[in-house]
Amino acid sequence: MSNILKQDSLLKGKNGNPLQIAGPCSAETKEQVLETARRLKATGKVDILRAGIWKPRTMPGSFEGIGAKGLLWMQEAREETGLPVTVEVAKASHVDLCLEFGIDVLWVGARTTVSPFAMEELANALKGVDIPVMVKNPINPDLKLWIGGIERLRNAGISQIAAIHRGFSYLGEKYYRNRPQWQIPIALKQEMPDVPLICDPSHICGRRDILEAVSQKAYDLDFDGLMIESHITPDEAWTDASQQITPEVYAELIDNLVRRNVGTGPLPTELEVLRSQITNIDDDILNLLSNRMEVARKIGEFKKANNISIYQKVRWAEIMEKGKKFAEKHDLSEDFVAKHFKGIHDESINQQEQVMKK
Ligand code: PEP
Ligand code: MN
């Protein structure tokens, strides 16, 4: 036990490599925790074992975590594998229990970082205890709130702090579960260069097929580590089933990553930040187009049921007139706006026709 605690910093990877944190979204059963820990340990590619014991869920009635008995399983996993363990804390009572059970590292979840009262409660509970803490970004894209949370912990005397980037929730998002908005972690790194920055691709992606690409992006941006959810039977996981991967798939993913920009800094150039903004805007445009077509199809259903014709001349004139006024006011050419709206309108008609033909 004490061997683990004597290491320099648990929040730094070994031999200049990125820090690798892996483990299930939630601790479910003792067997699941121990078996995951063993198989992750066997990959040789994990520095810290994670598992959620108290799960902040969006809806009541979902599985809200196994509670304090999970701490015993984490303790056992630690004894058996020698891996330090980390657990999410959201309130003072969680901190007290984690300290009692010798948890090595704490992490604060996105739904907690968002609340200054909760962060203050955690900071107070941590006064005089210098345990490493990782702070996830708040669910909304608010850099200041993230920095503020970290500072509250620093003010309480926590000297080892890492930041975890897990993406930001966004209305109508289709591709990511939580949009990465890379410019925000980049800005955090610029403001707090001494705080290790870890990427959590699992909660950004919400699905397995793009986990590796997002992990590689984090490597390319010189992140200091990754936190990836891994489960022995991912499809049967009690939480976040669609994004978890087996320890063996995890090992393959880590193996496939290439480190290209090692040590280049609190890097990104202005160009990269601007490109990241363009990517966000392109994502917005695609999401909005997809949402608009969804609504168009619903209108198609309605028109079909009520025998209304698809093409509504007055409505179309209204849309074009609005576009023209917008163009004048916002430095866009009238022609540009008209062209794009015509394209969108044509596609809407198209989609409605498909629905009505059914
Ligand atoms: C988690 O790590 O399982 C979790 C709940 O994450 P987040 O706080 O990023 O939603
Ligand atoms: Mn999760």
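Buried area is the accessible area, taken with a 1.4 Å probe, that two parts lose on being put together, summed over both. Keep that in mind as you look at this predicted model, where domain 1 and domain 2 bury about 860 Å² between them. The protein chain splits into domain 1 (7–256) and domain 2 (270–357), and there's also a ligand to look at, with twelve names to find around it: C25, R50, K55, E88, W107, G109, A110, R111, K136, R166, H203 and E229.

**How the two domains meet**

- Start with the spacing: 39 Å separates the C-alpha centres of domain 1 and domain 2.
- Eleven residues from domain 1 and ten residues from domain 2 make up the contact.
- Of the roughly 860 Å² buried between the domains, 38% is on carbon and sulfur atoms.
- On the domain 1 side, look for K174, R179 and Q183, which lose the most area to domain 2 and together account for 53% of what that side buries.

- You can find a salt bridge where the side chains of R179 and D284 come together, at 2.4 Å from N to O.
- Four residue pairs are in polar contact between domain 1 and domain 2, counting pairs with both residues at pLDDT 80 or more.
- Sorted by class, the side of domain 1 that touches domain 2 has five nonpolar, three polar and three charged residues.

**Around ligand 1**

- The shell around ligand 1 has seven charged residues, along with three nonpolar and two polar ones.
- R50 puts a polar side-chain atom 2.7 Å from an oxygen atom of ligand 1.
- K55 has a polar side-chain atom 2.8 Å from an oxygen atom of ligand 1.
- With A110 it's the backbone that matters here: one of its polar backbone atoms is 2.8 Å from an oxygen atom of ligand 1.
- On its own, ligand 1 would expose 290 Å², and the protein buries 97% of that.

Definitions and conventions. Residues numbered from 1 in each chain as written. Chains lettered and ligands numbered in written order. Predicted model: local features only at pLDDT ≥ 70, side-chain atom pairs only at ≥ 80, totals over all residues. Heavy atoms only, no water. Domains from an automatic or database assignment. Contact = heavy atoms within 4.5 Å. Salt bridge = Lys/Arg side-chain N within 4 Å of Asp/Glu carboxyl O. Polar contact = N/O pair within 3.5 Å; in protein donor to acceptor, adjacent residues only side chain to side chain. Nonpolar A, V, L, I, M, F, W, Y, C, P; charged D, E, K, R; others polar. Near = heavy atom within 4 Å. Areas by Shrake-Rupley, 256 points an atom, 1.4 Å probe, with all protein chains shown as cover.
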